[in-house]
Amino acid sequence: TFSNWLIKSEPESRFEKGVDLKFSFEDLKQEKDSTACWDGVRNYQARNFMRQMKVDQQAFFYHSNTKPPGIIGIVTIVKEAYPDHTQFDPKDPHYDHKSSKDNPKWDMVDVKYVRPTKRYIPLDELKRIHVEHKASNGPLKNLALFTKARLSVQPLSASEWDFILDLENKESV
């Protein structure tokens, strides 16, 4: 079981079915109570990870599909998995005609803005450390960001979380 996570979102505009999928860390901060539902996940493994999330667990907020991608902040889980309403809306880019309200396929959690990391931690820095750790058996050797790269919701071990959290206090390497 995991107690920390990494969740990915796109901070720059990208339109699908006329809907802008942009959702940045700053957008989360601007939401009512700095809280939002984490909707639109349409990968079974990522959904299953969300179903494991518990209230008060923390996640890194990761900006993807931007230059450079990386970790920008920290959120906390404030509501455990429940049906994602976007699966039922034909106008939504995440609509799933095979899903029904009686038997929903997709879930979401609610996340709350906690704080930005002290510095932006870019993907290329994490990649360099991951490669070093694969050779030296370090804590980031199995980091899901590189072993399950496509997933928008990823688990982190306690040692991965602690190591990455400590990076915010160090100069970028």
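Student: Is aspartate 89 buried, partly exposed or exposed?
Tutor: Keep in mind that this is a predicted model. Aspartate 89 counts as partly exposed, because its relative accessibility is 33% and that class runs between 20% and 50%.
Student: Where is aspartate 89 in the fold?
Tutor: Aspartate 89 sits in the loop between strand S6 (70–83) and strand S7 (107–122).
Student: What does the side chain of aspartate 89 reach?
Tutor: The backbone nitrogen of lysine 91, at 2.9 Å.
Student: New topic. Is glutamate 168 buried or exposed?
Tutor: Buried. Its relative accessible area is 7%, and the cut-off for buried is under 20%. Glutamate 168 lies in the segment after H5.
Student: Which residues does glutamate 168 touch, leaving out those up to four places away in sequence?
Tutor: Arg115, Thr117, Lys118, Arg119 and Ile121. With arginine 115, glutamate 168 makes a side-chain to side-chain polar contact of 2.8 Å.
Student: And how far is threonine 117 from glutamate 168?
Tutor: They are 51 residues apart in sequence, yet 6.2 Å apart in space, C-alpha to C-alpha.
Student: Now the helices. How do H3 and H5 cross?
Tutor: The axes of H3 (residues 123–136) and H5 (residues 158–167) come within 12 Å and cross at roughly 130°. The two helices are therefore oblique to each other. Their crossing is right-handed.
Student: Which residues meet there?
Tutor: From H3, Glu125, Leu126, Ile129 and His133; from H5, Phe163, Ile164 and Leu167. That contact divides into 5 nonpolar residues, 1 polar and 1 charged.

Terms used: Residues numbered from 1 in each chain as written. Predicted model: local features only at pLDDT ≥ 70, side-chain atom pairs only at ≥ 80, totals over all residues. Heavy atoms only, no water. Axes fitted to C-alpha atoms, helices over the stretch in contact; angles between N-to-C directions. Helix = DSSP H or I, 4+ residues; strand = E, 2+ residues; numbered from the N terminus. Parallel < 35°, antiparallel > 145°, perpendicular 65-115°, else oblique. Left-handed = near helix turned anticlockwise from the far one by under 90°. Contact = heavy atoms within 4.5 Å. Nonpolar A, V, L, I, M, F, W, Y, C, P; charged D, E, K, R; others polar. Buried < 20%, exposed > 50% of the residue type's maximum accessible area, 1.4 Å probe, protein only. Polar contact = N/O pair within 3.5 Å; in protein donor to acceptor, adjacent residues only side chain to side chain.
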